[in-house]
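Subject: Structure handover

Hello,

Here is the structure I said I would pass on. Please open it alongside this message; my notes follow below.

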Amino acid sequence: MRPAWRCRNCAAPWPCGPAQLVLVTEFYGHSIALAFYLAASMQEALDDAYRLGLCPDLPAMHGRFLGWLSLARRPQR
Ligand SMILES: [Zn+2]
């Protein structure tokens, strides 16, 4: 849900755990594309935050949108 970038299902900051699972499934085998998608989403979220007059915590935003990716890249068992 924009502009707060919260999950439509659970209202947690997007991408929440279930959303990450959906993304990893949708982008399976395309981790670079997923990284680009998340980076673009983070940029949009930052733009929205600035438009709202907020001062987003950049390291936290990076961790939220991209920090979990290295886990996703690990081979699934
Ligand atoms: Zn959710």
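What percentage of the 77 residues in the protein chain do buried residues make up? They make up 8%. A residue is called buried here if 20 or more other C-beta atoms lie within 10 Å of its own, exposed if 12 or fewer, and partly exposed in between, with C-beta atoms placed from the backbone.

Two points on how to read the rest. This is a predicted model, in which local features need pLDDT of at least 70 and side-chain atom pairs count only at pLDDT 80 or more, while totals for chains, interfaces and linings use all residues. Residues are numbered from 1 along each chain as its sequence is written.

Overall layout

The protein chain has four helices and zero strands, in the order α-α-α-α along the sequence. Its radius of gyration is 13 Å, close to the 11 Å that the globule rule gives for 77 residues, so the chain is as compact as a globular protein of that length. The radius is taken over C-alpha atoms, and the globule rule is 2.2 Å times the number of residues to the power 0.38. Helices (H or I, at least four residues) and strands (E, at least two) are DSSP runs, numbered from the N terminus. Along its principal axes, the C-alpha trace spans about 45 × 25 × 15 Å. Of the contacts with a separation of 6 or more, 48% are between residues 24 or more positions apart. A contact means that the C-beta atoms of two residues, placed from the backbone, lie within 7 Å.

Before helix 1

Helix 1 covers 17–26, and Pro-3 lies in the segment before it. The peptide bond from Arg-2 to Pro-3 is cis, with omega near 5°. Pro-15 lies in the segment before helix 1, and the bond from Trp-14 to Pro-15 is cis, with omega near -5°.

Trp-5 is found in that segment before helix 1. It has a positive phi of about 60° although it is not a glycine, and it counts as buried because it has 20 C-beta neighbours inside 10 Å. Ala-11, in the segment before helix 1, is not a glycine and has a positive phi, near 65°. With 11 other C-beta atoms within 10 Å, Ala-11 is exposed.

Helix 2

Helix 2 runs over residues 31–51, which is 21 residues, and reaches 30 Å from its first C-alpha to its last. That is close to the 30 Å expected at 1.5 Å a residue, where the expected span is 1.5 Å times one less than the number of residues.

Which residues of helix 2 are buried? They are Leu-34, Leu-38 and Ala-45. Seen down the axis of helix 2, the buried residues fall within an arc of 30°, so they line one face of the helix; the arc is that of the directions from the helix axis to the C-beta atoms. An α-helix has 3.6 residues a turn, so residues three or four places apart point the same way.

The face turned away from the buried side carries exposed residues, among them Ile-32, Phe-36, Gln-43, Asp-47 and Arg-51. Ala-33 in helix 2 has 11 C-beta neighbours inside 10 Å and so counts as exposed. Just after helix 2, Gly-53 takes a positive phi of about 80°.

The axes of helix 2 and helix 3 (residues 58–65) come within 10 Å and cross at roughly 140°. The contact is made by Leu-38, Ser-41, Met-42, Ala-45 and Leu-46 of helix 2 and by Met-61, His-62 and Phe-65 of helix 3. Axes are lines fitted to C-alpha atoms, for helices over the stretch in contact, and angles run from 0 to 180 degrees between N-to-C directions.

Gly-63 is found in helix 3 and counts as exposed, with 11 C-beta neighbours inside 10 Å. The C-alpha atoms of Gly-63 and Tyr-37 are separated by 15 Å, and the two residues are 26 apart along the chain.

Leu-66 lies in the loop between helix 3 and helix 4 (69–73). With 15 C-beta neighbours inside 10 Å, Leu-66 counts as partly exposed. Leaving aside residues up to four places away in sequence, Leu-66 touches Ala-35, Leu-38, Ala-39 and Met-42. Leu-66 and Met-42 are 24 residues apart in sequence and 8.3 Å apart in space, C-alpha to C-alpha.

Regards
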